[in-house]
Amino acid sequence: LIKISKTTPESEGLSTVIDRMDMVCEEVRSVAHDLIPPSFEESSFTLLTEQFVKKYDRPGKTKVFYELYPQKQLNTMEVKLQLELYRIIQELIVNINKHAKASEINLSLIHHDDYVNLIVEDNGVGFNMEEPVSGIGLKNIKSRVDGLGGKLVIESQLTKGTSIS
């Protein structure tokens, strides 16, 4: 026996809530999956980084350009450094995808003799550098960079995008 009922404003509202909850659950599942530490013993750091970045390259929406150079040196860095850089890249790309409304992301990770330089830029909406950052994302990045003894430089202008190195 199937009971057929008429659609009411209340049932339409409930349907909308259920649809939104399904979307939230899917997003949480995706974020949780991304938080699982990658195994740099099973795959190289550069391969795992490329795979992550490519997930955000969406035709017609966001184009991601990246350079990881030289791969041999990046892949032989100590695992702690690889993991921290991977987490920073994750946080930056997810934040851009969530907030920037960018059509292009440029990521450059270059291993020099005595330092590593990561630059991530987007052409999104940017933000006002005069206002304090309230999100946890940039705070996490700053904490990771500080923990590595690095230097964090953030430049952003409204409607012109953001550059983080």
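Helix 2 (residues 45-54) is largely enclosed by the rest of the structure, because seven of its 10 residues are buried. Buried here means under 20% relative accessible area, with exposed over 50% and partly exposed in between (1.4 Å probe, protein chains only). Keep in mind that this is a predicted model, where local features need pLDDT of at least 70, side-chain atom pairs count only at pLDDT 80 or more, and totals for chains, interfaces and linings use all residues. Residues are numbered from 1 along each chain as its sequence is written, and side-chain values use heavy atoms, with hydrogens and water left out.

- The buried residues of helix 2 are F45, T46, L48, T49, E50, F52 and V53.
- Helices (H or I, at least four residues) and strands (E, at least two) are DSSP runs, numbered from the N terminus.
- P70 sits in the loop between strand 1 (63-69) and helix 3 (71-75).
- With 17% relative accessibility, P70 counts as buried too.
- T46 and P70 are 24 residues apart along the chain, and 9.6 Å separates their C-alpha atoms.

**The strands**

- Strand 1 pairs with strand 2 (residues 104-111) in the parallel sense, over seven bridges; two strands pair if DSSP finds at least two bridges between them.
- Across that pairing, F65 stands opposite N106 in strand 2.
- Strand 2 also pairs with strand 3, this time in the antiparallel sense over seven bridges.
- A hairpin of four residues joins strand 2 to strand 3, and H111 has V116 in strand 3 as its bridge partner.

**Helix 4**

- Its 22 residues should span 32 Å at 1.5 Å a residue, and the end C-alpha atoms of helix 4 are 30 Å apart, which agrees. The expected span is 1.5 Å times one less than the number of residues.

- A pocket is an open set of points on a 1 Å grid over the protein atoms alone, where a 1.4 Å probe fits, with protein on both sides within 12 Å along at least five of seven lines; lining residues have an atom within 4 Å of a point.
- The pocket has 21 lining residues, and the closest to its centre are L85, V116, L148, G150 and K151.
- Helix 4 (79-100), strand 3 (116-122) and helix 5 (136-147) each give two or more residues to the lining, and helix 4 gives the most, with four.
- The lining divides into 12 nonpolar, six polar and three charged residues. Nonpolar covers Ala, Val, Leu, Ile, Met, Phe, Trp, Tyr, Cys and Pro, charged covers Asp, Glu, Lys and Arg, and the others, Gly among them, are polar.
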